Amino acid sequence: MSSAVQQEGPAHHPLLERLVRAVEHAGHLLPDQGPIATFIHHNTLHAFQRLPFHEAVLRAQEELGGEPYWSEQNFRSELHRGRIDLSDLEEAFAADAGSVRQLEGEPLLAVGLPVVRVREFCFLHGLDAPGPAELRYRIEEGSLLLAPQEDANPEAISRIIAETTDWMDRLRSVDRIDEFRLRLTGSSDPRVAEATTRARSGGLHGLDELWRARHSDVAREAAAFLALWQRSFELTAEIAPEAVPSGDSKVLLIPREVDLLVDPILSRLAKKFLDEGLAYWPMPKRELGLYRAVRWLAIRSAGWPVPWLRPLIEELRDQERQGLGAEEAALRAFQGMGIDESELEALVERSLLALPGWAGLMGKLERSPAMHPLGSRVRLVDYLAVRLTYERFALEHWRSSENPARAGQQVSHSDSSEDRHLVRCFRMFRLFQLGGVSAWSAASLSGEAVRRTLAFLARLDPLTRRRLFQEAYEGHYRNRILSAFAQVPRRAAPEPRAQVLFCLDEREESIRRHLEETDPAVETFGVAGFFGLAIEFKGLEVHHTQALCPVAVTPSHRIEERTDVRDEALHARRRRFLKRRKLAQSGAFFASRGLFRATLLTLLGGLLALLPLLLRIWSPRRAAALAHWLDARLSPPPRTVLSRQRAPDDTHEGLPVGLTLAEQIDRVAPLFQNAGLTRNFAPVLVALGHGSTSRNNPHESAHDCGACGGSRGGPNARLLAEILRDPEVRAELRGRGVFIPDDTLIVGGLHDTASDEITLFDLELLTEEERGRLEPVIRSLDEARGRNAQERCRRFESAGPKVSPQEALHHVQDRTEHLAEPRPEYGHATNAVCFVGPRTSTRGLFLDRRAFLVSYDPSADPDGAIIERLLGAITPVVAGISLEYYFSFIDPERYGCGTKLPQNIAALVGVMNGHGGDLRTGLPWQMVEIHEPMRPLMIVETTPGVLRQVLSRQAEVREFIENEWLQIVVSEPDGRTHWRYHRGEFVRWTGPKSPLETTRSSAEWYEGRSDHLDPAFIESGVSAS
Amino acid sequence: MSWPNQSTLSELFALGLILPPFVALLALGSWGFLVRIPRERTVAAWVRACFTIWLGSTLALGILLELKSATDPFILVSFGHWFEAEHYGFGLSLRVDRLSGVFSALTAVIGGLIGRFSYTYMHREPGFFRFFLLLLLFTSGMNLLVLAGSIDLLFAGWELVGLSSVLLIGFFHERATPVESALRAFVTYRVFDTGLLVGAVLLHHFAHTADFESAFGAAHWPLGTSHLDAFAATVVAVPLIVGAMGKSAQFPASGWLPRAMEGPTNSSALFYGALSVHAGVYLLLRLGPLLEVSPIARVFIGAVGLATALYGSTVGRVTADAKGQLAYATMAQVGVMWVEIALGLQTIVLVHVVGHAFLRTWQLLRTPSLIHDAHHAGLKEIWHPDRRGHVLEGLLSEELRGRLYALATARFYLDDLIDLRIVQPVLALAERVRRLENRWMALLTGGPLGDENTSIAPQSAAAFSRKERAPQAGEGAPR
């Protein structure tokens, strides 16, 4: 079977080419997540981004098995909570281009049921039938026909019963029991009627008995539903059954039993291969790539105890003799499986998707070798070769063993026409019951009307309804937010006393608002948190470098944190101290996991672990403070400077260290131009990057700044301040239209979104006067972060119902340092909308930490060059964050990584569930649990014409928008006219407008409330002008 | 008003030692099952009260006992007999001495710590209440196990510990892997617990009592003297040692321990870092006087311990996941403790247990920090593989190291061998017996032959030999 490969030579074999292409293709379907230490948000379904959203989620369901939308049950409870209205559903229905619009006319009007009511019932109650077996069971048990369904409307039920009563009264006068029999059971034969009645009432009632007791309420109710069921049964009997799509007979290429044998082995091998240093013994020969390393090992593994491994080892020995590469080995395994050649692609896809986490990481590392120490030695095809080889022999083993499970493989059940009739009958019955249509009113229906109604119900199937629910859900929020935008009063800003640049992150929305409330003379701006400085940063005490810029950008310069010359001695001491501490830590780490050293360690020092245990569990905040104090006490860290100025010939691995003056100007000028801040600088300007600290949290990096590639933006802010402090820079900037006065004080800092600490850098450089000028700003920031913590605490049940800002700060600091805290912060969980425009348009609006706020001044951008640049940069970031939350939330098991509680670090690259299995990608449930799953809504303050130009030029933005992965609305600069871009057209948004409430402060609005809040106008957020 | 005398006082404290977890368990359990699931804060309040009283009693009793006698501090509290037959009484007595006191205090401290930890960790988890019930069930069982004055009562505690352990491994029962791992632990426990049962029966037979006091307790721990001769001591001790092997994950019953990491992190720390895994060590320590007179039993313990220490530390060295690594390291250390017991170093073992329990709890609770430690706190730079393994490993050639690595990766085929050589034959036997029974029934009743096709064995065999499973994605992914 492998002879063909060898004769033609590997490179030219057509199958081989197909295999390589198949790996490439299947590789795109795998999760695109790198090692977890740097978590970069991305669209979970990036592989399907070329397709329209609704199509993509269905395709992904087919290929990956994930849910396309939130469950209907969840949507319904949102309906009850008022997060969706029926009118939103109607709107979604009207706008839907899908198949549901084919029902025209109003088929059930004859019985007083307009189609809008039918739709409403569908949305509210589903009207889906359970399986025929369950239906039969429920009929026989008596729960279906003897009482109204739980969700029925009492009014409708009493109408049905009243009409039945009337009929029975009429019958009584003529004593027509045969009519009664016929209507209730469809047969006038007394014995058949009696038996049918008993069968349908769970044996509780007989027909004669009902007739005798016809004055009682019990009998009337029973008769009403029995007759209604009988009527539904008759009405739906004549319907020509719709062609049932023949179920795809998908061939199971490889039985599940094979995966059960292979998966644990593969996951163990992948874990060891990619291990970044957790295991004491690294995998030997892994520098040869996975396939060769596994081959080398397997040959030495003495597989005698496991029968199916013996031929596998023989085969690998043979492959080693022939010196096969991974591609040929994969092909040889495929050919050895005895599967038809045409299935090659399908098999490759199946095998790679069996453990999507590990395979995905292999593929990701192959595309981005810099992410892992093994670099280019990680290849997806290596993984495939190993997987297929193991699968081949496991399959052989499974085929050869007497396996009774095989017989059970082809279980098929086909619906009989009787079953289908039962289902149709049930749906009609439910509809009549909900609509208050009795057996007598229903008599007037034509067969055509019933047929059309059933067809309509069939088309409004669960998936379609969920799609419409999704649209309605988004529509509801869109209407709320647009109506708030349209009504918020805009007031001219006074002369600002201070200006603060924040990241556009939606978590900074609240602190900006609180800062403005604290001091109305502060102006805030939202810019991408890397401040235009795409740098590779090397911290003084950090061994590795970080790329502090969005993923799509490659760092152009390297910036190093260096010791201040005055502190050289201190630095040397600190270095020795850190080195010793690390040696001790890692020594203890491995020693405690060994044998002899572990014995000594646990005997002599084990008890010492009680101390950190007690401290860390009882007061995490104080324990952390103690550790910090000790650290600074034992060896104080030196003062540092950044390598801002480019020194000639100073490069590191091809990257220039530091920036030239021209480069500094080139990067800083657009930052201010984009934000629309070119004049009117305040005496104080603060740039705050952000990051997040959390203890014991493998997903810590997912809370960091997305614009800094999943790292903290502190160095960027510090560098920006340092650049701007240079008088030469300021002079040059004036040439570029950015007029920063000579005496403007500029400070960089870092906001920790988990602990709400704010650190300002290089304060020791300030003069006495500058310090005085900064003092009130620091006080305001201090106040604002307390209030921000308070607002965040309303979401944390364990914070208690009413906390002061000070208590709130303590609470969030405890959370940050708590070993047991699975949700140190809620991250981007509340994100929903992104606003691009001047802050004056949103200032004073309570946006509930749901809005990315990007500062942009349309009046300074007549030709749309700036907005094009901005949208091109922020759209992928915002969509990546938002869509990752969407998918991790709607399907936490497939797209997210499930609950954090049993998670286990694997190979220092990711998390697994408990003891083994696949690497879990996506976000954990505790991070997303309060999310509202909707596609991000972008509101851009510009004109439709400009946006159209942007779309025509920016392919990636266009793809997101045209394919409806995100919604976009143009808000004209007057703030009153809004255009929604929908299917290639700008549609004027006209409402409905809900009133915008006004309150005095944010705290007043959110106090005592823990769920999502509507926008409100906060008076103290804007100064009275 | 008269002061209660010292012995009444110590009995009172002994009650404070044993009752709190039981009372909290019963109160919360009946409230939750009969009325409604209590709120998180209510659960926490009960758990807090339980551990506070328990710890307080431990402290008080400890002081009291040390005051009473510095050389031989111990009390026996008898609550009479559950039932008595002619030659047999099922005694309900507690024994508080240096050994059980230390273990009870350890249980209280670590249980309390984990309780506090879990209040935060399990917040908003649908199984919050269930978790705390199991936590109380476990601590009750563990406490009963260590304080028991007779082998019978110890067995009761032993089973409670096993039960709660299994239920917590399968805590996330909506996924398949935790349930399979729980099943594996359950079967292992059941098989090895028969050793304990046999040992208990034999103890009755030879010593005519189940009480430790009368079987081997003239002086007190660790100085007791056996009332049995060498032969009887060996015959009694060996099955009991087998019983201890299961819970301590000693070779060859080791496979369930790494799999047990399917539960939430906090329960992994409590059971497999701190307490449950040391229950076997406690039993062996309790048997000290018997082991004293039985060299065979000591050799057996030493051999099992040594094998486990070597096995655990070798497999642990190649394990690249945080919790698995700790599971192997833990079983290796417990193996070392067994060796220490074999060498007669009882007091050292007690110190070892306490230190080991605290260290592993701390390490397991901290496993999620590893990403931070390695990447952000910069430990990875120190962790360079080239810097490790020069001492012992350097002695082996590359070829030999490769073989050892490959074997360790396959976990020495231990579980495969157990599945192939023990589980499958047993299931096949069960299947044959079932068919035989069917035929018999058919013969006797004259009815039709039992359905030959619906066999129970293959499915359960598959379930049992299923080791890990990928999370749903790709499970039998249709083409």
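Leaving aside neighbours within four places in sequence, Phe429(A) is in contact with Leu144(A), Leu145(A), Phe225(A), Leu228(A), Trp229(A) and Ser232(A).

Some housekeeping. This is a predicted model, where local features need pLDDT of at least 70 and side-chain atom pairs count only at pLDDT 80 or more, while totals for chains, interfaces and linings use all residues. Residues are numbered from 1 along each chain as its sequence is written, chains are lettered from A and ligands numbered from 1 in the order in which they are written, and side-chain values use heavy atoms, with hydrogens and water left out.

Back to our phenylalanine. Phe429(A) sits in helix 20, residues 417–435 of chain A; helices here are DSSP runs of H or I, at least four residues, and strands are runs of E, at least two, numbered from the N terminus. So is Phe429(A) buried or exposed? Its relative accessibility is 0%, so Phe429(A) counts as buried. The cut-offs: buried is under 20% relative accessible area, exposed over 50%, partly exposed in between, with a 1.4 Å probe and protein chains only. For a sense of scale, Asp263(A) is 166 residues away from Phe429(A) in sequence, and their C-alpha atoms are 48 Å apart.

Zooming out, chain A has 38 helices and 22 strands. Its radius of gyration is 34 Å, close to the 31 Å that the globule rule gives for 1025 residues, so chain A is as compact as a globular protein of that length. That radius is over C-alpha atoms, and the rule is 2.2 Å times the number of residues to the power 0.38.

Now the inside. A nonpolar core is a set of buried Ala, Val, Leu, Ile, Met, Phe, Trp, Tyr and Cys residues joined through side-chain atoms within 4.5 Å. The largest one has 277 residues, and Phe180(A) and Phe887(A) are among those with the most contacts inside it. Helix 34 of chain A, residues 865–890, gives the largest share of this core, 14 residues. Apart from that core lies another, of 131 residues, including Leu819(A) and Phe103(B).

As for Phe180(A), it touches Trp167(A), Leu207(A) and Trp211(A), among others, not counting residues up to four places away in sequence.

Last, chain B: 20 helices and two strands. Of its 479 residues, 60% count as buried.

Notes
Contact = heavy atoms within 4.5 Å.
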